[in-house]
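Work through the exercises below with the model open. Each task is followed by a stepwise solution.

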Amino acid sequence: MPNRRRPPVAVLRTHAVPAAVAAISLAAALASWQYVRAAVQAQEVARFRERATAGTDALRDRMNAYVAMLRATRGFVEGTGGEPDRLGFRTYVQSIELTRYYRGIQGLGWCRALRPGEVGAHVTAVRAQWNPEYRVWPEGERALYSSIVFLEPLDWRNRRAIGFDMFSEPVRRAAMERARDTGDVAASGPVELVQEAGTERQAGFLVYLAVYARAPRSPEERRDLLRGWVYAPFRATDLLRSTLGDAPARTIGLAVYDGEAETPDALLYDDGTAARGAALTTAQRLEVAGRTWTVRHTATAAFVSRTDRALPALVLGVGAALTVLLFWITRSEVLARGRAEQDARRTAFLAAASQRLASDLDYRRTLPEVALLAAERVADVCVGCVVEPAGPLWFAGHRDPARAEAWLAAAAATGLDPQARTGMAAALSTGQPHEVDRAPDRVPFFAGSPALAARMREDRVDALLSVPLMVRGEPLGAITLLSAHGPFDAHDRALAEDLARLLAAAVDTARLTWRAQDAVRVRDEFLSIASHELKTPLTSLALQSDSLRASAGRGDAEALVRKSDVIRRSVDRLTRLVASLLDLSRINAGRLELELEPVDLAEVARDVVARFEEEAARAACPLSLEAPEPVVGRWDRVRLDQVLTNLLGNAVKYGPGRPVEIRVRADGDRALLSVRDHGIGISAADQRRIFERFERAVSRRHYGGFGLGLWIVREIVEVLGGTVRVESAPGAGSTFTVTLSRAPEPAAAHRTGAATTSPPPTA
């Protein structure tokens, strides 16, 4: 295998070029000082061009990284349906850690496109959701509005921009229209950001990427389907300083202009270090999100060292000393260039990996692609796993697809070392990189299986480096790089850690997105059930009210009584549905209050059974109550009534035409309440989930309800320090048994009330 981590040309240049320069310098010292002066000048020019090119490349790579991040953000917004919520957007921005990995960016925002008729509703919605002072500004009538809805991080500068209509300003509008009509990133010309305040103002610019309701098929559809823009504002001075370093310490002055004309109006950045009339200067064109920048590098007075100025005069007298000096300078320059090339390759690799990860939210497809990229550019083999509930998800990369499959099969068959001695298992258990650097015949000793050891011997692996995928201090998985060309160096380790962070962020982002989608699905299902359940009694009320009015006109007293009973039952059903919704809200918020007092459970049971006699009669369900003696405990009467009402209501609903037995008895310091029906029964698999929110063992098409009754029963019983269980079989009925302590512990009795003092969870 060729060694991709250490190009032979670079190694040859590191050792051979300085020696050649030393020999040439000795000959030049004997020839003439003029030759040396010319050589020094040529070296200055080459060094200047190299540094200028490196600076431009660094700026290009940085902007490409921002563009890739912006594309990933569009993917996130499109995943939310084109209308992100504040918490989801903030969580996403926090997960990519702008201040850590994207230094120089002012923020990451979502700007909503608004037609004139949508502005009022939009402002009302945002004010209701999170910002009572929100408004779209500046005021005025326009054909299309835009508004900055989210801009993270929401510091004091970015807060000034919330609600600003960027489409109202010509320079920004031109970039936004270009992004809208092309579907690609578009940078604006120089502007002063609305975040600017005080005396330290900077030129700025913005990069936009349009978001559509769906994929447009024509330029006209791009305008019709426009939902908004994801965008990033930049303060030019902050961006350039974070990319290229502190200007006062630089030996090359830098000025950046928007466009090809180097005019004051187009100036984005000037570090102020360039000398007037400098001999070394170069202007390079740079494409940034559809706009051309002119990057002007100019040598400062500090670029040429005193040693270089004196070198021609010293050649004749101190040739030997000059030889040593030139050898040192040349070697330093070669090493610096090698480091710059390494950094460029590292940046290019990470950018390519980021692009592939951002191209598809499903990391099951993108992780093998990134592993192949790592095997092509960083190591000889890349193997990794992501810890999933169903077991590790393995992926592998090798230039030869057949070998990649062999590595994948060997790794999957071996699994993770249960003793966490080495490799990925060690990295996962410690949260730190793990490296094995041994002789080629020793490395297979650390393999977890003969198949894996055989693979290592076949590919002559003599070093491996495992790095965990960490998110918020928790390991999600690990990757292992394997080399057949010697140990890994510090550059390789840093690159592996950067790659691990990228993969961890991609996996975490995908999982967060999938969880958000599941939450939306549960919400939509609940809203559908609620609308159906509430509509049914309302419809009955409307029909019976009309019929009641007609009966009143005819003077039919018997019909009036009958229809009044129907209306009353509908009202009772609505009352129970609303009470269930209210209890759902209280329990979720930890505000289920209890009023403990001495209560006779047998008396509560008699009251509930008496109240259910009419409903049970309609369902042909004979009710029998066995409560031979008082069972007194310190409980909440209303909540006990609610528990028995829910259990008895379920028994009547799921066992029509069959008897229902209620039993209350004391068992020492405990009270037992059981409700037995002879209805359809519950399977063993369903018994484990019917006490959860919105869960049911039957189709809601045939049986109504929110799926909250048993969940509320469980919550109330547990707050009272008790338990509830079910014994059932399909077709054999069900028995629900509630066990309560007759003198509940204070902590258990007030558990829900105490929860109100805790702050709500935040993301």
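**Exercise 1. State the handedness of the crossing of H19 and H21, then describe the contact.**

Step 1. H19 and H21 cross in a left-handed sense (the near helix is turned anticlockwise from the far one by less than a right angle). The model is predicted: local features need pLDDT of at least 70, side-chain atom pairs count only at pLDDT 80 or more, and totals for chains, interfaces and linings use all residues. Residues are numbered from 1 along each chain as its sequence is written, and side-chain values use heavy atoms, with hydrogens and water left out.

Step 2. Find the residues in contact (heavy atoms within 4.5 Å). H19 supplies Arg639, Gln642, Val643, Asn646, Leu647 and Asn650. H21 supplies Gly709, Leu710, Ile712, Val713, Ile716 and Val717.

Step 3. Sort them: seven are nonpolar, four polar and one charged. Here Ala, Val, Leu, Ile, Met, Phe, Trp, Tyr, Cys and Pro count as nonpolar, Asp, Glu, Lys and Arg as charged, and the others, Gly among them, as polar.

Step 4. Residues 637-654 form H19 and residues 709-719 form H21; they pack at about 150°, axes 9 Å apart. Axes are lines fitted to C-alpha atoms over the stretch in contact, and angles run from 0 to 180 degrees between N-to-C directions.

Notes:
Helix = DSSP H or I, 4+ residues; strand = E, 2+ residues; numbered from the N terminus.
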